[in-house]
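This report describes a structure in terms of its domains, its chain-to-chain interface and selected secondary-structure elements. The sequence and the coordinates are shown first.

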Number of protein chains: 2
Amino acid sequence: MDEFSLIRRFFSRSKKSRTDVTLGIGDDAAILRVPDEHELVVTTDMLVAGVHFPNDTAADAIGYKALAVNLSDLAAMGADPAWATVNLSMPQAEAEWLEGFCNGFFELADEFGVALVGGDTCRGPVTIGVQLCGFAPTGKALRRSGAKPGDAIYVTGTVGDAALGLLHAEGKLQLTQAQASYVRARLERPTPRVGVGRALRGLASAAIDLSDGLAADLGHILEQSNAGARIELAALPLSPVYSEQLQKTLGWDLAVTNGDDYELCFTVPPIQEQRVTSALAGLAVDFRRVGAIESEPGLRFYGVDGVLCEFPDSGFNHFQG
Amino acid sequence: MDEFSLIRRFFSRSKKSRTDVTLGIGDDAAILRVPDEHELVVTTDMLVAGVHFPNDTAADAIGYKALAVNLSDLAAMGADPAWATVNLSMPQAEAEWLEGFCNGFFELADEFGVALVGGDTCRGPVTIGVQLCGFAPTGKALRRSGAKPGDAIYVTGTVGDAALGLLHAEGKLQLTQAQASYVRARLERPTPRVGVGRALRGLASAAIDLSDGLAADLGHILEQSNAGARIELAALPLSPVYSEQLQKTLGWDLAVTNGDDYELCFTVPPIQEQRVTSALAGLAVDFRRVGAIESEPGLRFYGVDGVLCEFPDSGFNHFQG
């Protein structure tokens, strides 16, 4: 089997057929239908071996994460994910690697009803670009810019686990086997909060996903909303593993400044808090109020004792916009 | 200026503001509006240094071509290009390179009214993925699959020039300075035939862009249309440079089997030929009838003497789908 056939075989195995795909893979471009009264929502993220994941990362974890980070972006917009394209370069078309990549990718694509509608592959260093299109009712997509003083700040799931996963992968953190397997899954297989984002349409005043860490990402909301915020560290949702490490030597830093958790951070006007609680109740995703938007610019973290805490390294910096 | 600011500065300089961009760069995703009664048309292509262009290629030529190849795909669909996203990895964020890349990219984006609405950048080997969205009236996008026996086959512009450009770049072809500059421009700055594609909506029965060469690309039309074709070599549109080389030693091979010309190849039912001629008349793009679709499977090239010619190497092979 030549390389053309190999690629085609793996990437044409999407189980998902969507009625809004007029024409999928196989022409110069895909033809798709955005529902009436909806806007198109488009995001893209790339992953580079040695930068976003260690060179020895399993292919299925790469395939999974390449789609997951894009799903997370659409979740933060409150959009319904629909169609993906993939750009993939790799040193050689190797059946085992491709099969693993596709296993991870399509596992998640099928779960979220995403159809693969196009892509490009070529020889080169391992680099993956995924572009994801979705849609939201016109005017209802969530943005970073709508937070107002007095709005409550919420975070889904737990923060800091992906950072522990990376420390463990680098051999810098001793954990039990169960703990290790939990934090590695949080790092390699984050759960995009698509259902949460969708439920927040019309209720949240701003939203973002936690890819660069709470401080940096909430910072984007504050910048675009021309506002400040206070966060109560004691309110941050932590996993049992993180809580245990917190009491040893770890402190709050990783939960505040490290990314890759792909949880949602969102703000809610007081009048909508009850509705948000109801809307998220059936989703089996934890969410917690961690602070409030304030009119004074800046992001302030308060410890359990009410003392202002500083986190010098508050952003993930590989010149990513 | 830090790397974040550098990237933002260069990529936010798109002059084009489109009224259908509800929200552009700067949030988790872009929000866009496809016009009523239109379908979304989506394509993506990646370029890798050392594979798609020599490592010493000027940054502006890379920026130009990265968008041009995607515009060419939308041209082949008869779609109106609208919104692009860019994934860019490079060893370091270097102002001079970025400025050059953006010069080339935005020159073409502005010409075709394309807005840059998102992207991702990171450190890594030079790899560029561009994804381009456009739209076409519902049901009117061109495909590869509609060619019927008896349809005429047309090609725009000239074929084989990009191949000469590459030979010249590799030092394998002696040309005058004027000739060299012409074929290098054809290689590095192809003109996407967007206007032609748009004019062919409702008239052409099938279309494709010539990225892999006439033999391979027309082959895709034949495969998807379950048909065959005959091409008269003497009818192929050649530039004066190619014609001169043809008479020396070059032969037809490069015009038939080499890609990168980004012209359109399209088929037209006899009843529509007059309308196509009228529709393309005002576009200042040459187009020529080069053959006809036949019911007998296979692609046959005939020489000036009516002899069947074989072209063994009829496709560009870097496992590209």
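The sections below set out the conventions, then the architecture, and then individual elements.

## Basis of the description

The structure is a predicted model, in which local features need pLDDT of at least 70, side-chain atom pairs count only at pLDDT 80 or more, and totals for chains, interfaces and linings use all residues. Residues are numbered from 1 along each chain as its sequence is written, while chains are lettered from A and ligands numbered from 1 in the order in which they are written.

Helices (H or I, at least four residues) and strands (E, at least two) are DSSP runs, numbered from the N terminus.

## Domains of chain A

Chain A comprises domain 1 (3-137) and domain 2 (152-308), with bounds that come from an automatic or database domain assignment. Over C-alpha atoms, the centres of domain 1 of chain A and domain 2 of chain A are separated by 26 Å. Domain 1 of chain A and domain 2 of chain A each contribute 18 residues to the contact; two residues are in contact if their C-beta atoms, placed from the backbone, lie within 7 Å.

On the side of domain 1 of chain A that touches domain 2 of chain A, the elements giving two or more residues are α2 (59-77) and β4 (80-90) of chain A. The most is given by α2(A), with twelve residues. By class, this side of domain 1 of chain A has 13 nonpolar, two polar and three charged residues. In this classification, Ala, Val, Leu, Ile, Met, Phe, Trp, Tyr, Cys and Pro count as nonpolar, Asp, Glu, Lys and Arg as charged, and the others, Gly among them, as polar.

## Relation and interface of the two chains

Chain B is superposed on chain A by a rotation of 180° with 0.0 Å of shift along its axis, at an RMSD of 0.0 Å. The two copies are thus related as by a two-fold rotation axis. The superposition is by least squares on the C-alpha atoms of residues with pLDDT of at least 70 in both copies.

At the interface, 56 residues of chain B are in contact with 56 residues of chain A. Strand β3 (residues 38-48) of chain B gives the most to the side of chain B that touches chain A, with nine residues. That side of chain B has 27 nonpolar, 16 polar and 13 charged residues. Of the interface residues of chain B, 100% are also interface residues in chain A, so the copies meet through the same surface.

Strand pairing also crosses between the chains: strand β2 (residues 30-32) of chain A runs antiparallel to β3(B) and is joined to it by three bridges. Two strands pair if DSSP finds at least two bridges between them. A:Leu32 has B:Leu40 as its bridge partner in β3(B).

## Strand pairing within each chain

In chain A, strand β7 (residues 152-156) and strand β11 (residues 287-294) run antiparallel and are joined by five bridges. A:Ala152 stands opposite A:Ala292 in β11(A). A further antiparallel pairing, over four bridges, links β9(A) and β11(A), where A:Ile231 stands opposite A:Gly291.

In chain B, strand β7 (residues 152-156) pairs with strand β11 (residues 287-294) in the antiparallel sense over five bridges. Strand β9 (residues 228-232) of chain B pairs with β11(B) in the antiparallel sense over four bridges. B:Gly291 in β11(B) stands opposite B:Ile153 and is the bridge partner of B:Ile231.

Helix α7 (residues 214-225) of chain A has twelve residues and reaches 16 Å from its first C-alpha to its last, close to the 16 Å expected at 1.5 Å a residue. The expected span is 1.5 Å times one less than the number of residues in the helix. Among the buried residues of α7(A) are A:Leu214, A:Leu218, A:Ile221 and A:Leu222; a residue is buried if 20 or more other C-beta atoms lie within 10 Å of its own, exposed if 12 or fewer, and partly exposed in between, with C-beta atoms placed from the backbone. The buried residues of α7(A) pack against β8 (206-209), β9 (228-232), α9 (253-257), β10 (264-268) and β12 (298-302) of chain A. Just after α7(A), A:Asn226 takes a positive phi of about 50°.

Helix α3 (residues 95-111) of chain B has 17 residues and reaches 24 Å from its first C-alpha to its last, close to the expected 24 Å. Its buried residues include B:Leu98, B:Phe101, B:Phe105 and B:Leu108. Just after α3(B), B:Gly113 takes a positive phi of about 70°.

## Surroundings of A:Ala180

A:Ala180 lies in helix α5 (residues 177-188) of chain A and is partly exposed, with 17 other C-beta atoms within 10 Å. Not counting residues up to four places away in sequence, A:Ala180 touches A:His168 and A:Leu175. A:Ala180 and A:Leu164 are 16 residues apart in sequence and 8.6 Å apart in space, C-alpha to C-alpha.
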